[in-house]
Amino acid sequence: MDHFLYRDGQLHAEDVPLAQIADQVGTPFYCYSSATLTRHFQLFDDALQGMDHLVCFAMKSLSNVAVLKLLGDLGAGVDVVSGGEYARARAAGIPGERIVFSGVGKTRDEMAQTLSGGIRQFNVESEPELQALSDVASGLGLTAPITLRVNPDVDAQTHEKIATGRKEDKFGVPIARAREIYAHAAALPGIKVIGIDVHIGSQLTSLDPFEAAYAKVADLTRQLRADGHEITRLDLGGGLGIPYARDNLAPPLPSDYGDLIRRTVGDLDCEIEIEPGRLISGNAGVLVSRVIYVKEGEGRTFLILDAAMNDLLRPAMYGAHHDVVPLVEPPAGIPYAPVDIVGPVCESGDTFAKARPMPPLKPGDLVAFRSAGAYGAVMASEYNSRPLVPEVLVQADHSAVIRARPTFDDMIKRDIIPDWL
Ligand code: LLP
């Protein structure tokens, strides 16, 4: 459920007509709903009630500091994957004890930054990383709390590019070698083992792969305890999918996911962490764009928008589907005709949808890409020297620009012409 609904024939973000925001900030722009973000965070928090837990928002999905502040104020932790994300989380007022650090390539600088700034735990992904972390922590006179991310060799049955838990994927340590690596970790001076981490992929639409992975984590917890390790925390990753096409079967609910967690690892007396990104932010955002031209091609019609692949990369990168709807509600019974929805960037991959049935649209009309809150703005680039799209946050009847559109000057002045040119 989200808070982008037609009211009086106009698509609204909560109580604000999106067309009104388009007048104020121009197009394209991302718009997020505070109510949807709040609701989706709360669904996870409720799903884990009765267990000691922390919901750590995977901020790679949406990293605007205002959004982080909103979620942080609700009690969320965050999952970060870089020094930059850590800095953003801290700028949003999220304390170190609610920040977990994931990722296969943490640098020594990032380790030092986050150890000194305060961190809940590192999700370590390899033996060399373990050694580096121990060195850095010891050098600072600190001890790094860690989980080891295990690779359970479970197929998440999702898009090839976002499956992370199979043995051929670069993530985690092979679960079969986990006991040996835990023994090594426990012997390192700068390391304190506290738990186990697993994350098998993104946009999962079935609970079965989670169940397979969590069952393996439960077994490993018992084995590691028998080996003498104190396992007090399980980080179960993110990955629960969202409905992208309105007519799709709905993926499992957070409450079903919570029940699965209770069933598989609930009796281990561990603190539970989860790292959902997409399910919190995905349907909490839209990308609003304007039709520039309607072009008749050879047997097809192109709807040319002012948003492009640099603003919303998912269709070009994963062939992802995003519903595209006009801001003015189409009258009932109006005929829909297939169009190719494209952007102005100079490559054919800049195509959002092919032969998509759409109601009649003309230059100047506004449309919204739904489900664009996750992996939308964060994956945007300035390709074709198109300035990054602004972001707007709505709460009830008010809205605020939470990232302004850079001017051409802002964009150009980052480049430096050396004095010898
Ligand atoms: N935890 C870790 C360690 C992750 O790598 C990810 C996502 C998450 C949590 C959050 O997963 P979520 O709940 O959002 O599925 N750009 C792609 C998605 C990449 C996901 C990367 N890792 C897309 O647009 O579909």
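Predicted model: local features only at pLDDT ≥ 70, side-chain atom pairs only at ≥ 80, totals over all residues.
Visitor: Is strand 20 mostly covered or mostly exposed, and where does it run?
Guide: Strand 20 spans residues 391–395 and is mostly covered, with four of its five residues buried.

Visitor: Which sense does its pairing with strand 4 take, parallel or antiparallel?
Guide: Strand 4, residues 29–33, pairs with strand 20 in the parallel sense, over four bridges. Within that pairing, Tyr32 stands opposite Leu393.

Visitor: And how many bridges link strand 20 to strand 21?
Guide: Five bridges join them, and here the sense is antiparallel; strand 21 covers residues 398–403. Gln395 faces His398 of strand 21 across this pairing.

Visitor: What lies between those two strands?
Guide: Strands 20 and 21 form a hairpin, and two residues separate them. In the turn, Ala396 has a positive phi of about 55 degrees.

Visitor: Changing topic: how many residues are in the largest nonpolar core?
Guide: That core has 115 residues, and Cys31, Val78 and Ala368 have the most contacts inside it. Helix 8, residues 208–226, supplies the largest share, six residues.

Visitor: Where does the core lie relative to the two domains, and why?
Guide: The core lies between domain 1 (4–31 + 282–412) and domain 2 (34–280), because both give residues to it.

Visitor: Back to Val78. Which residues does it touch?
Guide: Leaving aside residues up to four places away in sequence, Val78 touches Cys56, Phe57, Met59, Leu68, Ala89, Ile94, Arg98 and Ile99.

Visitor: What tends to happen to nonpolar side chains in soluble globular proteins?
Guide: They tend to be buried together.

Methods: Residues numbered from 1 in each chain as written. Buried ≥ 20, exposed ≤ 12 C-beta atoms within 10 Å, placed from the backbone. Pairing = 2+ DSSP bridges. Core = buried A, V, L, I, M, F, W, Y, C linked by C-beta atoms within 7 Å. Domains from an automatic or database assignment. Contact = placed C-beta atoms within 7 Å.
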